[in-house]
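Reader: I have a model open on my screen and would like to talk it through with you. Could you take my questions one at a time?

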Amino acid sequence: MVPCNLELMEEPDIASDALVAAQNDTFNRTSILQPFVAAMNNCWVPVENMGKGIRNGNVTHENAGEQTEAMNAAMNSNGI
């Protein structure tokens with residue numbers, strides 16, 4: 001795996017690797033954090049709701065399959 005750790009980039013053997021340099025250049029010039037991509041809400045909102053349901057007891061062993069399918073459907077739709 002190519003490191004994203006900036007401290008590792010200080011290691012001459014790592015920093016001089018062409019693949020590592022290219023990947024980190026891409027990170028530095030073009031990467032966008034996913035939370036800023038609006039469509040990521042199609043993932044994070046259903047996941048958050050599932051987590052809340054587990055925590056508050058609405059998701060149980062008995063309905064976990066159904067709840068997981070509902071989360072998946074929400075994640076793969078245009079609406080949340």
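Reader: To start, what share of the contacts in the protein chain with a separation of 6 or more comes from residues 24 or more positions apart?
Author: Residues 24 or more positions apart make up 37% of those contacts, where contact means heavy atoms within 4.5 Å. Please keep in mind that this is a predicted model, in which local features need pLDDT of at least 70 and side-chain atom pairs count only at pLDDT 80 or more, while totals for chains, interfaces and linings use all residues. Residues are numbered from 1 along each chain as its sequence is written, and side-chain values use heavy atoms, with hydrogens and water left out.

Reader: OK, and how many helices and strands does the protein chain have?
Author: The protein chain has 4 helices and 0 strands, and from the N terminus on the order reads α-α-α-α. Helices (H or I, at least four residues) and strands (E, at least two) are DSSP runs, numbered from the N terminus.

Reader: At what angle do helix 3 and helix 4 cross?
Author: The axes of helix 3 (residues 41-56) and helix 4 (residues 64-75) cross at roughly 160 degrees and come within 8 Å; axes here are lines fitted to C-alpha atoms, for helices over the stretch in contact, with angles running from 0 to 180 degrees between N-to-C directions. That makes the two helices roughly antiparallel, a term used for angles over 145 degrees.

Reader: Which residues make that contact?
Author: From helix 3 they are Asn 42, Cys 43, Pro 46, Val 47 and Met 50, and from helix 4 they are Ala 64, Gln 67, Thr 68, Met 71, Ala 74 and Met 75.

Reader: Switching topic, how many salt bridges are there in the whole structure?
Author: A search finds 2, a salt bridge being a side-chain nitrogen of Lys or Arg within 4 Å of a carboxyl oxygen of Asp or Glu. Asp 25 pairs with Arg 29, with the closest N and O atoms 2.6 Å apart, and Lys 52 pairs with Glu 48 at 3.3 Å, N to O.

Reader: Where do Asp 25 and Arg 29 lie?
Author: Both belong to helix 2 (residues 18-30), 4 residues apart, which is about one turn of the helix.

Reader: And is Arg 29 buried or exposed?
Author: Arg 29 is exposed, because its relative accessible area is 67%, whereas Asp 25, at 34%, counts as partly exposed. Buried means under 20% relative accessible area, exposed over 50% and partly exposed in between (1.4 Å probe, protein chains only).

Key
Angles under 35 degrees count as roughly parallel, over 145 as roughly antiparallel, 65 to 115 as roughly perpendicular and the rest as oblique.
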